[in-house]
Amino acid sequence: MNNRLVISIASGKGGTGKTLVATSLAHALRGRMPVTLLDCDVEEPNDHIYMHARLLRTEPVTISVPFVDESRCINCGMCHDVCAFNAIAVLGSAVLVFKELCHGCGACSRFCPVGAITEVPHEIGVVEEGDADGIRFVDGVLTIGQPMAPPIIRHVKQYTGTDGVTIIDASPGTSCPVVQAVKGSDVCILVTEPTPFGLNDLRLAVETMRELGLPHGAIINRAGVGDAHTEEYCREEGIPVLMTIPLDERIARSYSRGVPLLDALPEYGERFLDLYQRIKELVA
Amino acid sequence: MKVAVSSTGPTLDSLVDPRFGRCALFALVDPATMAFESLENSGVESAHGAGIATAQMIAGKGVEAVLTGNCGPNAYQVLEAARVKVVTGVTGTVGDAVQAYAAGLLKPTSHANVASHHGMSDAQGRGIGAE
């Protein structure tokens, strides 16, 4: 079968088990079809811990920020007026550029009446491509202090496979970086934990999925740790629970030691293959 | 020369607003005469960079100083470039603040006194006063 399937993994609440699911699913499918794993949690990527990939290349990611030639500037303030992000301030004496607010849209240089603004590349992070024993593994790393993740996420997503399965590990929450990571995928799996905090954030994540029109299902991780409200919510809202992982100290132990789940508890290989089947049925 | 005071209301008896970038109003006051004008803060509508937008607006008003509670790093940078003095930690009414300034009791600061986004949610302090 040459169709490609792009599965994104999100959550709402952090620490629910997205990376556990993303890396385990990749390991379960390895060798059965082309597998690509993209770690799009670029502020704190951690899939690499479980993938042990051989690094093939590192590529810098840049955005274009304005450079003002003050000798040509006439202090008209047009650049400030067209900037939707207040990234450029024009005072009688000087023009100040706030790189961390700049979204690289190019409006300032486009509208400067005297052509005083050129766009120069500003490095905000890197993308790393590696091979994890047959799994194509790519992650993005946002440079510490840089506020904008989406440009790096967009770059990582360019490595989405053209066949087989691509798994995208997103960051927690429901804001820009998550939307950027899950947008365009065929299905999004929401990993949650059956606790009040988990449920609160799951609701927000579901709302986001509905807003994006993205097919979605849930995985309840650490079942047994909390209450039955999450299951009830999924039932009432018609959200298929594709897998339930019980609260199990063995999983916590091996995960905390950087041991892939399928190495520590091989019986999970079968369970993740089942998950894959259920995901395919959901998308069909 | 006039001073601009971040304000919660339109009169000299209104309390100083602890935020610079996202206050609703500014009071432009001449400390010598206490002649006074209320100005809406256009910067408050910014989704991003409110401090910068507000600072640019104030810089265009020809004031010698800003009296406010807290001023973040971006706003401070713009005001400094515009050679406008910044006094943080200001509390009480607008009128009292201007009189204290005129009496030389309020000293300008040399740097931002809070981190960016301080006045929005999750702020540790109450946003009033500074050490």
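Colleague: What covers the buried residues of H5(A)?

Modeller: This is a predicted model, where local features need pLDDT of at least 70 and side-chain atom pairs count only at 80 or more, while totals for chains, interfaces and linings use all residues. Helix H5 of chain A runs over residues 150–157 (helices, H or I of at least four residues, and strands, E of at least two, are DSSP runs numbered from the N terminus). Contact here requires C-beta atoms, placed from the backbone, within 7 Å. The cover includes, in chain A, strand S2 (35–39), strand S3 (54–68), strand S6 (117–132), strand S7 (135–142) and helix H6 (176–182).

Colleague: Which residues of H5(A) are buried?

Modeller: Residues are numbered from 1 along each chain as its sequence is written, with chains lettered from A and ligands numbered from 1 in the order in which they are written. A buried residue has 20 or more other C-beta atoms, placed from the backbone, within 10 Å of its own; an exposed one has 12 or fewer, and partly exposed lies in between. In helix H5 of chain A the buried residues are Ile152(A), Ile153(A), His155(A), Val156(A) and Lys157(A).

Colleague: How many residues does the largest nonpolar core have?

Modeller: Such a core is a set of buried Ala, Val, Leu, Ile, Met, Phe, Trp, Tyr and Cys residues joined through C-beta atoms within 7 Å. Those with the most contacts inside the largest one come from both chains: Ile9(A), Ile189(A), Val5(B), Val66(B), Leu67(B), Val78(B) and Leu79(B). The core has 117 residues.

Colleague: Which helix gives the most to this core?

Modeller: The core draws at least three residues from each of domain 1 and domain 2 of chain A. One helix of chain A, at residues 18–29, gives 7 residues. That top contributor is helix H1.

Colleague: Which residues does Ile9(A) touch, beyond four places in sequence?

Modeller: Ile9(A) is among the residues with the most contacts inside the largest core. Its partners include Ile189(A), which is also on that list.

Colleague: How far apart are the C-alpha centres of the domains of chain A?

Modeller: Chain A divides into domain 1 (4–52 + 133–283) and domain 2 (62–123), with bounds from an automatic or database domain assignment. Its C-alpha trace spans about 70 × 40 × 35 Å along the principal axes. The two domain centres lie 39 Å apart.

Colleague: What share of contacts in chain A joins residues at least 24 apart?

Modeller: Chain A has 11 helices and 11 strands. Of its 284 residues, 45% are buried. Among contacts between residues at least 6 apart in sequence, the share is 74%.

Colleague: Where is Gly258(A), and which residue 208 places away in sequence is 5.8 Å from it?

Modeller: Gly258(A) sits in the loop between helix H9 (249–256) and helix H10 (261–264) of chain A. Gly258(A) is exposed, with 11 other C-beta atoms within 10 Å. It touches Ile49(A) and Tyr50(A). The residue 5.8 Å away, C-alpha to C-alpha, is Tyr50(A).

Colleague: What pattern does chain B follow along its sequence?

Modeller: Chain B has 3 helices and 5 strands. Read in order, they give β-β-β-α-β-α-β-α.

Colleague: Is Met34(B) buried or exposed?

Modeller: Met34(B) lies in the loop between strand S2 (25–30) and strand S3 (35–40) of chain B. Its phi is positive, about 60 degrees, although it is not a glycine. With 12 C-beta neighbours inside 10 Å, Met34(B) counts as exposed.

Colleague: How many residues of chain B are in contact with chain A?

Modeller: Chain A puts 11 residues into the contact. They divide into 8 nonpolar, 3 polar and no charged (Ala, Val, Leu, Ile, Met, Phe, Trp, Tyr, Cys and Pro are nonpolar, Asp, Glu, Lys and Arg charged, the others, Gly among them, polar). The predictor gives the complex an ipTM of 0.80 and a pTM of 0.81. On the chain B side the count is 13.

Colleague: Where in chain B is the pLDDT below 50?

Modeller: The mean pLDDT (the predictor's confidence in each residue, from 0 to 100) of chain B is 88, and 92% of its residues reach 70 or more. The stretch below 50 has 17 contacts in the model beyond near neighbours in sequence. It covers residues 122–131.

How values were computed: Two residues are in contact if their C-beta atoms, placed from the backbone, lie within 7 Å.
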